Amino acid sequence: MTQLLSLTFLFFSFFECMHAQKRADSLQVFTADNHLFQYTGRIDFSNPATPRYWMPGVYVKAKFTGSNCMVVINDEMPNATTHNYIEIAIDSNKPVRLQLKDSHNEIEVANGLSTGEHTIVICKNTEAGTGYIEFVGLKCLALKKLPAKPSHKIECIGNSITCGTGSDQSEIPCGKGVWQDQHNAYMSYGAVTARNLDAQYHLTSVSGIGLMHSCCNLKIIMPQVFDKINMRADSIAWNFKNYIPDVVTICLGQNDGVQDSTAFCSNYIELIKHIRTQYSKASIVCLTSPMADDRLVAVMKKNLTAIVHASNTSGDKHVTAYFFSKRYHNGCDSHPDVAEHQEIANELTGYLRELKGW
């Protein structure tokens, strides 16, 4: 009887594998250089067939037809235990977080959908320290033209909080696995805020980075790498003309800690001036750190108030500040978790909606 059950299981497993192979064989390959794909983020297009990107939150969007879809994507895998994660969002279904398993991945992300049109978003969930991924293309029945991208654009400058580090404990709890296992840029406050406001977004962020002082033996600071595609490695120049945001949020200071106020304010104002050389009309919003303790929050409120006053007085009237209502620290290493990122996004959404009239 046991042998019969085993043979039955093997038969159905073989049948399912053959059925899956048949589904895959019937799909058409659409390579990454197809004009029907929409890309958003700091991306190296040196090889259009395999656009490469390091930063968290970079996303590719497409509209496909048919009930099945496969994503083809490469993972740098700088070592055997370092795998990037991606988020797959199809239509209004609940997004799915997936770990890439190999250097080359062909992943069935849709099976049994209706035969009509569907929209897919493929987002890099992990940050630059986990290595690059290369989007290779989709396997589906057909690609269709997407609507134009949202007209509003947001750029979120920050550290690990903005990356979504330590936020997602849905599969692997804090303290287990490896560093990137709890990353979720797609559900970070910046990405959620942008979707709330029907806006595009860039997460210009690196875990551990500061304005003047970075943590964790990081040898870079934000003003140094702000103009790069791979900010973590301070490499590959970014062309700012590719993305001009309407709003820039700055969430720095957590890794700096309590610094001399004069020096911190001076460096912060210089960063604002540098941003302004690229984005002459953007609203710049200076944020307190959502995970800061009471002492750091008090110092940041004082410093940001002075920074906004100095900027406004010097003629830049489009610099403001927003102070978060409480501390968010239920994720790994006292970072905000996914639920708290939603709360942070709700706060920021309300502020930006009023500020910009969106």
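A search of the whole structure identified two cavities of 30 Å³ or more. The largest cavity holds about 60 Å³ of space. Its lining is formed by T40, G41, R42, M55, P56, G57, V58, Y201, H202, L203, T204 and M231. Strand β11, which spans residues 199–205, supplies the largest share of this lining, with four residues. When the lining residues of the largest cavity are sorted by class, six are nonpolar, five are polar and one is charged.

The second largest cavity has a volume of about 40 Å³. The residues G253, G257, Q259, F264, L296, V299, M300 and N303 line this cavity. Here the greatest contribution comes from helix α6 (residues 294–313), which provides four residues of the lining. The lining of the second largest cavity comprises four nonpolar and four polar residues, and no charged residues.

Helix packing was examined next. Two packed helices are described by the angle between their axes and the distance between the axes. For helix α5 (residues 261–278) and helix α6, the axes lie 10 Å apart and the packing angle is about 50°. The helices α5 and α6 are therefore oblique to each other. Their crossing is right-handed. On the α5 side, the contact involves S261, F264, C265, Y268, I269 and I272, and these residues meet N303, L304, A306, I307, A310 and S311 of α6. By class, the contact of α5 with α6 contains nine nonpolar residues, three polar residues and no charged residues. Two residues of this contact, F264 in α5 and N303 in α6, are also among those lining the second largest cavity.

The other pair consists of helix α3 (residues 189–196) and helix α7 (residues 338–356), whose axes come within 8 Å and cross at roughly 45°. Because of this angle, α3 is oblique to α7. The crossing in which α3 passes α7 is right-handed. From α3, the residues Y189, V192, T193 and N196 take part in the contact, whereas α7 contributes H341, Q342, I344, A345, N346, L348, T349, L352 and R353. The contact of α3 with α7 has six nonpolar residues, six polar residues and one charged residue.

In summary, the predicted model contains two cavities that reach the size of 30 Å³ or more. A right-handed crossing was found for α5 with α6, and a right-handed crossing was likewise found for α3 with α7.

Technical notes:
Residues are numbered from 1 along each chain as its sequence is written. This is a predicted model: local features need pLDDT of at least 70, side-chain atom pairs count only at pLDDT 80 or more; totals for chains, interfaces and linings use all residues. Side-chain values use heavy atoms; hydrogens and water are left out. On a 1 Å grid over the protein atoms alone, a cavity is a set of points where a 1.4 Å probe fits but cannot get out, and a pocket is an open set with protein on both sides within 12 Å along at least five of seven lines; lining residues have an atom within 4 Å of a point. Grid points are joined across faces, edges and corners, and a volume is the space filled by probe spheres set on the points. Ala, Val, Leu, Ile, Met, Phe, Trp, Tyr, Cys and Pro count as nonpolar, Asp, Glu, Lys and Arg as charged, and the others, Gly among them, as polar. Axes are lines fitted to C-alpha atoms, for helices over the stretch in contact, and angles run from 0 to 180 degrees between N-to-C directions. Angles under 35 degrees count as roughly parallel, over 145 as roughly antiparallel, 65 to 115 as roughly perpendicular and the rest as oblique. A crossing is left-handed if the near helix is turned anticlockwise from the far one by less than a right angle, and right-handed if clockwise. Contact means heavy atoms within 4.5 Å.
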